[in-house]
Structures are given as structure tokens and as C-alpha cells.
Amino acid sequence: MIKMFRILVAALAGTAIYVLVSFTCGTDGIWANGQLREQKRILSARADEIQKINDSLSLEYTALEKDPDVIAGFARKMGYVRDGEKVVKINGLINIDEYHFETGTPIKSIEPYSLPEWFCKVSGLLMFFVTYLYLMLKDFRIKDAAVKKNKVKIRGIPVYDLPQV
């Protein structure tokens with residue numbers, strides 16, 4: 001009965017450690033989940049920025065397609081002139097010949113850091129063995145103390161009950 005109790009308590013301790021380590025630092029644990037949430041927040045913010053850029057480019061595209069004043073302004077920025085217009089160049093001003101649109105930098109998802117599953121299982125097994133050995137040694141100490149307590153010391157010459165010849 002006591003041996004079965006030792007095994008059950010040791011199994012409970014090993015399982016508890018395994019669950020605790022897996023739940024906090026394992027592959028699907030709290031630590032990895034927090035890292036994934038942070039990545040999701042960063043990717044979501046970046047997706048919002050790209051959506052704003054897309055909206056502004058769509059609006060600019062629609063304006064360039066349909067609004068003659070916008071088309072004329074864009075053509076002037078590129079250096080084109082209408083018939084009858086005179087070009088005046090001012091020295092010292094910076095000429096913007098190219099348009100650079102910021103589309104964002106690519107962000108890759110990163111695998112979250114976590115303890116491997118084998119480590120969680122080994123920690124549970126180690127806790128099982130440590131607990132089992134502790135309980136076994138504790139039982140031996142209790143038995144040894146009981147034996148020492150019940151041991152009667154006999155002084156003098158030992159007398160044996162032997163048949164007389």
C-alpha cells in the first residue's frame with residue numbers, strides 16, 4: 001500500500017511539473033503565445049499603414065484618370081508644358097524628377113521561442129524520480145527510527161535455551 005502511494009505521489013508531482021513547464025514555456029505555452037500576440041500587433045499595425053498607402057494611391061490614380069486639373073499639375077511636375085506656356089527655370093531650387101512611393105518594408109513572422117517538448121517531458125520524469133526517491137528514503141528513515149526505538153539492549157552473557165544432554 002505504501003509503495004503504491006509513493007508511486008502515485010511521485011507520478012502526481014512529475015505530471016504537475018510537466019504541465020507547469022509546458023503551460024508556461026512550452027510550444028503552445030503562455031510565453032510563446034505572448035510572442036505571437038506581439039507579432040500579430042506589429043503585423044496588424046503594418047497592414048493598416050499599407051492600407052492607408054493603398055487608399056491614397058487609389059485616390060491619386062482616380063484623380064489622374066478623370067480630373068484634367070490634376071493631370072495638368074502632374075504633367076507640369078514632370079516638366080511638360082501646354083501650347084503657349086513659357087517655361088521659367090529658377091536656379092538653386094531642387095528639381096524632383098522621380099517619384100518615390102513608400103510601400104513599406106517586408107516583415108516576416110518569426111517562430112516564437114519556447115522550450116522543446118522533450119525538455120518538458122524530461123523535467124516531469126526527473127521530478128517523478130526525485131519525488132519517488134525522496135519518499136522511499138523518508139520511509140527508510142521512519143522504519144530505521146522505529147527499529148532503533150524498539151530495539152532492546154541485553155547486557156551480560158547471552159543465555160540460549162538449549163536442550164540439556
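Author: What follows covers salt bridges, a helix contact and aromatic pairs. This is a predicted model: local features need pLDDT of at least 70, side-chain atom pairs count only at pLDDT 80 or more, and totals for chains, interfaces and linings use all residues. Residues are numbered from 1 along each chain as its sequence is written, and side-chain values use heavy atoms, with hydrogens and water left out.

Reader: Salt bridges, then. How many does the structure hold?

Author: It holds 3. The criterion is a side-chain nitrogen of Lys or Arg within 4 Å of a carboxyl oxygen of Asp or Glu.

Reader: Which residue pairs with Asp139?

Author: Arg6 does, with the closest N and O atoms 2.9 Å apart. The pair links distant parts of the chain, 133 residues apart. Asp139 sits in helix H4 and Arg6 in helix H1 (residues 2-25). Helices here are DSSP runs (H or I, at least four residues), numbered from the N terminus.

Reader: Is Asp139 buried or exposed?

Author: Asp139 is buried, as its relative accessible area is 17%. Arg6 is buried too, at 12%. Buried means under 20% relative accessible area, exposed over 50%, partly exposed in between (1.4 Å probe, protein chains only).

Reader: And what does Glu38 bridge to?

Author: Arg41, with the closest N and O atoms 2.5 Å apart. Both lie in helix H2, 3 residues apart, about one turn of the helix. Glu38 is partly exposed, with 36% relative accessible area.

Reader: Where do Arg46 and Glu49 lie?

Author: Also in helix H2, 3 residues apart, about one turn of the helix. Arg46 counts as buried because its relative accessibility is 14%. Glu49 is partly exposed at 41%.

Reader: Switching to packing. At what angle do H2 and H3 cross?

Author: Roughly 100°. The axes of H2 (residues 30-66) and H3 (residues 68-77) come within 6 Å. Axes are lines fitted to C-alpha atoms, for helices over the stretch in contact, and angles run from 0 to 180 degrees between N-to-C directions.

Reader: So what do we call that arrangement?

Author: Roughly perpendicular. Angles of 65 to 115 degrees get that label; under 35 counts as roughly parallel, over 145 as roughly antiparallel, and the rest as oblique.

Reader: Which residues make the contact?

Author: From H2, Glu60, Ala63, Leu64, Glu65 and Lys66; from H3, Pro68, Val70, Ile71 and Phe74. Contact means heavy atoms within 4.5 Å. The residues divide into 6 nonpolar, no polar and 3 charged. Ala, Val, Leu, Ile, Met, Phe, Trp, Tyr, Cys and Pro count as nonpolar, Asp, Glu, Lys and Arg as charged, and the others, Gly among them, as polar.

Reader: Last topic, rings. How many aromatic pairs are found?

Author: A search of the whole structure gives 3. Rings of Phe, Tyr and Trp (its six-membered ring) pair if their centres lie within 6.5 Å; planes under 30 degrees apart count as stacked, over 60 as edge-to-face and the rest as tilted.

Reader: Why is the pair of Phe128 and Phe129 edge-to-face?

Author: Because their planes are at 70°, with the ring centres 5.3 Å apart. Phe128 and Tyr132 are stacked instead: 6.3 Å centre to centre, 15° between the planes.

Methods
Helices (H or I, at least four residues) and strands (E, at least two) are DSSP runs, numbered from the N terminus.
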